[in-house]
Structures are given as C-alpha cells and as structure tokens.
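Hi,

Here is the structure I promised to pass on.

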Amino acid sequence: MHICLDVDDTITYAPEFFVGLCRRFDGARITIVTFRSDEPETKAYLDGIGLRYDRVIVSTDSEHGRRESESPHEWKAALVNRLRPDIFFEDMPQVVSLIHPSILVFMPCDDFVREWISLRLDADATT
Ligand SMILES: [Mg+2]
C-alpha cells in the first residue's frame, strides 16, 4: 500500500492520528507531499512528532518541484496523480477536485473547510 499525506491542516490537524496510522500500516510506503518549500524544516517537524515516512516531496523538490506555469493546486494534484498512491489525505478542496478517481481521498475538515462547506450548502439551497 502507498499512502500520500499532506502536512499543513492535514497532519497538523490531527498529528496523533497520523502518527498512529503510519505505525498501524507499517508495511505501507508513506510519501509526504506538501506546498512547503523547506525540506529540512518539514522533516524536522515530522521527526519531532514521531511520524514514520519514506519520502518527503516539497514544492521546491529538484525532481518533482512546481513549475512556474503550474498553480500550487495543479502542481500537487498532478504530482499525486503521477505517484498513484492507493490513499491520499489532503485538506484543500481545490487539490481534491483534481485527483484521479482511482485514488481514494480523505479530507480533514478544519474550521475553514467546515465554513466553506456551510457556505456552499447555503448557496446551493438558495438557487
Ligand atoms: Mg494542507
């Protein structure tokens, strides 16, 4: 199994859950995919909470980094679609909407996302 995890508002939303998840699926390959640009700082955060991972890909990655022509959302979605994990955890709806249907996606819902969903439902109810 291959699991891709976003960092901000995903792992940071529920760090104990994701630490436990990566321990529970100890045979799974764990790839961290993040808009962050600082790889050492990102690894220091992950190591600090004790999260097991195999690889970290930041937006400035020499091989998989974002091109100027790509929006951050397009970059991350295209990368995850190329990596073809079995499961992807991501909090940004703009990224989630671009993920290939064959990849299972789980979306953490922090206060911002809950507010966004609420506004969408209100808008749909008035049309
Ligand atoms: Mg995020």
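This is a predicted model: local features need pLDDT of at least 70, side-chain atom pairs count only at pLDDT 80 or more; totals for chains, interfaces and linings use all residues.

Numbering starts from 1 along each chain as its sequence is written, and side-chain values use heavy atoms, with hydrogens and water left out.

The metal site: the magnesium ion has D6 (OD), D8 (O) and D91 (OD) as its protein donors, at 2.0 to 2.2 Å. Donors here are N, O and S atoms within 2.8 Å of the metal (3.2 Å for Na, K and Ca), and water is not among the atoms, so sites may look incomplete. Along the chain, the donors follow the spacing D-x1-D-x82-D. D6 sits in the loop between β1 (2–5) and α1 (7–11), and D91 in the loop between β4 (87–89) and α5 (93–96), so this pair ties together parts that are 85 residues apart in sequence. Helices (H or I, at least four residues) and strands (E, at least two) are DSSP runs, numbered from the N terminus. D6 and D91 are both buried, meaning under 20% relative accessible area, with exposed over 50% and partly exposed in between (1.4 Å probe, protein chains only).

The sheet: 5 strands form an open sheet in the order β3-β2-β1-β4-β5, with parallel pairing. Its edge strands, β3 (55–57) and β5 (104–106), each pair on one side only. Pairing requires that DSSP finds at least two bridges between two strands; β4 and β5 have 3 bridges, in the parallel sense. F89 stands opposite F106 in β5.

The helices: D38 caps the N-terminal end of α3 (residues 39–49), with a side-chain oxygen 2.9 Å from the backbone nitrogen of E41. (A polar contact is a pair of N or O atoms within 3.5 Å; within protein, one must be able to donate a hydrogen and the other to accept it, and residues adjacent in sequence count only if both atoms are side-chain atoms.) After α3 comes G50, with a positive phi near 85°.

The cysteines: how many disulfides does a search of the whole structure find? It finds 0, taking a disulfide as a pair of cysteine sulfur atoms within 2.5 Å. For C22, the nearest cysteine sulfur is that of C4, 11 Å away. C22 counts as buried, at 0% relative accessibility. The sulfur of C109 is 19 Å from the closest cysteine sulfur, in C4, which is too far for a bond. At 24% relative accessibility, C109 counts as partly exposed.

Cheers
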